[in-house]
Amino acid sequence: MRVVAIHIAPGRKVPNRSVPAVDAEAGKGLVGDRYHGARHRHVTVQSRELLDLAAADLGHAIDPGATRRNLTVDAGDIPTRPGDRVRIGDVELEVVRIAAPCRLLDDWIAPGAAKAMHRRGGTAFRILTSGPIHVGDEVEVLTAE
């Protein structure tokens with residue numbers, strides 16, 4: 001599994017922008033993102049594979065940036081059980097919860113987008129170790145202890 005897109009937004013109602021890399025700060029979030037400094041929701045991760053399935057159900061293409069998720073990986077199942085971990089480069093992330101799709105997706109993408117994204121909305125993580133994350137970085141799912 002690899003990172004294929006990175007999106008950040010400095011504010012709640014500000015459009016996400018695609019970036020080639022971002023700095024992850026332990027206990028804080030992604031530098032430059034609206035959730036930097038949040039208590040637990042530091043970064044959200046979604047799967048391009050699941051996004052494509054949602055797009056097929058919707059009958060409308062879905063740009064990964066339109067979902068408001070930070071990181072998009074190419075394929076595979078993203079852990080959803082609280083406490084599970086993944087590593088991207090030197091950055092270790094821990095699952096906080098499933099990231100439910102926002103009802104505003106119907107306005108931003110197309111009517112029915114939130115329903116199509118149900119159970120495909122990705123996962124919210126907290127950042128445990130600092131470091132850069134780049135498009136192309138490998139994502140390693142860590143074995144539960």
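Where does Arg 34 lie? Arg 34 sits in the loop between strand E4 (29-30) and strand E5 (43-47). The close-ups below start with the whole chain and then turn to single sites.

**Figure 1. Overview of the predicted model.** This is a predicted model, in which local features need pLDDT of at least 70 and side-chain atom pairs count only at pLDDT 80 or more, while totals for chains, interfaces and linings use all residues. Residues are numbered from 1 along each chain as its sequence is written, and side-chain values use heavy atoms, with hydrogens and water left out. The protein has 3 helices and 11 strands. Both are DSSP runs numbered from the N terminus: helices are H or I with at least four residues, strands are E with at least two. From the N terminus on, the order is β-β-β-β-β-α-β-β-β-α-α-β-β-β. The average pLDDT (the predictor's confidence in each residue, from 0 to 100) is 85, and 83% of the residues score at least 70. Confidence is lowest in helix H3 (residues 113-116), with a mean of 62. It is highest in strand E10 (residues 131-134), at 98.

**Figure 2. Surface and contacts of the whole protein.** Of the 145 residues, 46% count as buried. Buried means under 20% relative accessible area, exposed over 50%, and partly exposed in between (1.4 Å probe, protein chains only). The accessible surface comes to about 7,500 Å². Carbon and sulfur atoms hold 50% of that surface. Areas come from the Shrake-Rupley method with a 1.4 Å probe; for residues, only the protein chains shown count as cover. A contact means heavy atoms within 4.5 Å. Among contacts with a separation of 6 or more, 72% join residues 24 or more positions apart.

Figure 3. Arg 34 is buried, at 17% relative accessible area. Its side chain makes a polar contact with the side chain of Asp 33 (3.3 Å). A polar contact is a pair of N or O atoms within 3.5 Å; within protein, one must be able to donate a hydrogen and the other to accept it, and residues adjacent in sequence count only if both atoms are side-chain atoms. Leaving out residues up to four places away in sequence, Arg 34 touches Ala 9, Pro 10, Gly 11, Arg 12, Asn 16 and Arg 68.

Figure 4. Helix H1 spans residues 48-58, and its buried residues are Leu 51, Ala 54, Ala 55 and Leu 58. They cover an arc of only 100° around the axis, so they lie on the same side of H1. The arc is that of the directions from the helix axis to the C-beta atoms. The face turned away from the buried side carries the exposed residues Ala 56 and Asp 57.

**Figure 5. The ends of H1, and Arg 48.** At the start of H1, a side-chain oxygen of Ser 47 comes to within 3.3 Å of the backbone nitrogen of Glu 49. Just after H1, Gly 59 has a positive phi of about 75°. Arg 48 belongs to H1 and is partly exposed, at 22% relative accessibility. Its C-alpha atom is 8.2 Å from that of Val 4, 44 residues apart along the chain. Beyond four places in sequence, Arg 48 touches Val 4, Ile 62, Pro 64, Thr 72, Val 73 and Asp 74.

**Figure 6. Val 86 in strand E7.** Val 86 lies in strand E7 (residues 85-88). It is buried, with a relative accessible area of 4%. The C-alpha atoms of Val 86 and Leu 142 are separated by 5.3 Å, although 56 residues apart along the chain. Not counting residues up to four places away in sequence, the residues that Val 86 touches include Pro 79, Phe 125, Val 139 and Leu 142.
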